[in-house]
Amino acid sequence: MKRLFPGIERIWLDAENIPIPQDIRHFTGDNSLLAQTLVRRGLKTFEKARAFLDPRFYRPADPCELPDMEKGVNLIHEAIRTGKKIAVWGDFDVDGQTATTLLVSTLRSLGGQVEYYIPVRERESHGVHINGLERMLNNGVKVILTCDTGISAHNAAEFLKQHGITFVITDHHALPTSLPSADAIINPQRLAEDHPMHTLAGVGTAFVFSQLLCHQASKPEIAEEHLDLVALGCIADVAVLRGDTRYWVQRGLEMLRNPRRPALLQLMQNAEINPAHLNEQHIGFSLAPRLNAIGRLGDANPVVNFLLSTDSQAIAVFAAQLEGYNSQRRFLTDQVFLAALQQIDQDPRVLDYAVLVLHHPEWPGGINGIVASRLAEIFQRPVILLSSPPGQPMRGSARSVEGINITEAIASANHLLIGFGGHPMAAGLALQPENFHEFRRRVSAHVEYQRTHHQQKPAITVDAWLKINELDLKWIEELEKLAPFGAGNPPLVFASRNLTLLDSTPIGKTQEHLMTIVEDEEGNTRRVIWWQGARSMLPEGRFDLAYHARPVNFGGDLEVQLEWIVARPLEMDSITISKTTRLEVIDFRTSQSLIEEITRKNIPSEQILFWADGAVTLDIPVKQRWELTPAETLVICTPPPSQKVLSEAIQQVRASRIILGWLEPPVDKPQSFLHALTGMIQYVLKKNSGKASLLRMAAALNQREETILTGIEWLAGKGFIRIMERDGQSLTIAEGGIPDPLLAREMEARLRSLLEESRAFREFYRQASSDSLIPEKV
């Protein structure tokens, strides 16, 4: 029987409502969400908004702004002029395949003598290798030009320098501590983070290089013939779609919708994609996997000729081979995925770590990254999958989740590794088997550190709350002007309240997805697809649902498809207001003088109850949560630590009027909290014979009872106190105890997580709409 896993609890936030400039309001017409989204994403002038939506009005940066660009172009231009043989060294993923194709085609069109090489993953892995360079030199190559690789090729650079070979690097990966001694290094990471070219992928970097090269040769049209490859490679590599990257991808998508490259048209036909309706999802989920499959499982070098070919018969034959590789890739992916889930079922303790790390001797290296991405989505944590053949180093791939830099975490265990490299969201690595357990411990600790010290916690920001019957196709199509979506420009998040689940049906080859039907309070129903949802627990009772909504083509007809993101059950924390009482909510959260604002309302003082947990000094009587009694008006002075605490307080007071205030909350950091808790424990030991109330302590510190108990258990784990007895909400503690380092570490990690949840909820309380914070239930 398969084990179901609860989703990671997320903090729900409402996107901030920002004043919309009149010119943007006029530009977007009646679609206020389109206008609001543009402003939220920093496009606050008409010129910027228009350029974002319509590439005809965008002006890309000058390629010469990239360091070493002119130097590198001059070297290649001179090599072409003098007839020197140039070798393009690429990489085996789609970004590398398209970059290699683009450079080879451009150089040939300009009259260059060109050969190329893409390493075979299973045999060589990423990077520039000496043995491959030796073959090229023996073949008369005088210039090496890399794409999508080379930024860490120190050994290769020294080897080529010794042999008098020109070495030009174009790459986009993270910069090492020191750069290789190449003749030119063109990498957008060398630019400031806010530079419009900073997020270019490997093929994007190769494109702007070829753009300047063609400009110098007075043939600018040659470079722009390859914008379809730029879109394909950038989207496949999950490049951040802002600035020039977004612009070139927009231009490339236009070309792909009217395909002139026979190979890509054949791939679309095999994938049953109508080019006219192609978007970034078709590339990410259909076209890119077909090309990636050969790079993962075979030799990607023939892809270059395939993408450049005009021979329809040869194209059809090779496209069929790609289908075979893709089928093999899917089969192996399913096998590894199911095997990974089986390992988790057999040893659930692997989920106690902040990073899920699994290994198997027979897992193919080219599949690990795909499965790691699936598992990261399911378990909402970074995942590292390793192939561990007997007697050989472990090698594998890591994939992360939003807010966690997995390469930084892996780097914290650098001394245990043979090698590693990657991006914040993905990495590759190798290590000796005897270092596995220590590696997992160190990486997990660093991820925990990132989550707590950087205040990173999974959150969902809702762009718009809607009723499910309000999802009009025409309106959704207007919002598609914001596409292409992806990193740096996420798809809009919609949400609907108070739904129930009517039905769920597993779909997909391995039944890994769910097709669900949800119903609202008015009886309206919608289908919602839940990708990778079959291993997740379904919500019971009523829930709010966050989802994406995109137009999709089914059988030639466009319709709106909803894609499940996360559900929020309502039963535990719902706020119920009497049917005979109309709840009034007054929002003074931004007021600098809460008491004066309330005084001006002329509410009789005997009708008001001021609720203020924590160390708050006011010139009026206040009550903490354990002292609350029914009242006409409830004033929430201090932001509570959780929705549950807020809901219980409102239920106790049963007010017809709630006033939202904001007095500074406690600092939700372990050091500050433990300092305050220790002082309170000392008081309890000296003045109250060690007897403590979790509820009163929680109110005194404005924290959750669970947080107080975890802090006490941490003190016990440190040996400072011992817990003598616990009876419900009451504890009896005594001085001194036996240190338990394992308990202390576990409680410290849990404490950081609980405090971060409270910090995030207080932030939600600060900026959410009053309707979202206190939805009226009848």
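Trainee: What should I know before I start?

Mentor: The model is predicted, so local features need pLDDT of at least 70, side-chain atom pairs count only at pLDDT 80 or more, and totals for chains, interfaces and linings use all residues. Residues are numbered from 1 along each chain as its sequence is written, and side-chain values use heavy atoms, with hydrogens and water left out.

Trainee: At what angle do helix 5 and helix 11 pack?

Mentor: About 160°, with the axes 8 Å apart. Helix 5 covers residues 94-109 and helix 11 covers residues 227-236; helices are DSSP runs of H or I, at least four residues, numbered from the N terminus. Axes are lines fitted to C-alpha atoms over the stretch in contact, and angles run from 0 to 180 degrees between N-to-C directions.

Trainee: Roughly parallel or antiparallel?

Mentor: That angle makes helix 5 roughly antiparallel to helix 11, a label for angles over 145 degrees.

Trainee: Which residues of helix 5 make the contact?

Mentor: Val-94, Asp-95, Thr-98, Thr-101 and Leu-102. Contact means heavy atoms within 4.5 Å.

Trainee: New topic. Where is Asp-68 found?

Mentor: In the loop between helix 3 (46-53) and helix 4 (69-82). Asp-68 has a positive phi of about 70°, although it is not a glycine. Most residues other than glycine have a negative phi.

Trainee: How accessible is Asp-68?

Mentor: Its relative accessibility is 28%, so Asp-68 counts as partly exposed, between buried (under 20% relative accessible area) and exposed (over 50%), with a 1.4 Å probe and protein chains only.

Trainee: Which residues does the cis peptide bond join?

Mentor: Ala-483 and Pro-484, with omega about 5°.

Methods: Helix = DSSP H or I, 4+ residues; strand = E, 2+ residues; numbered from the N terminus. Parallel < 35°, antiparallel > 145°, perpendicular 65-115°, else oblique.
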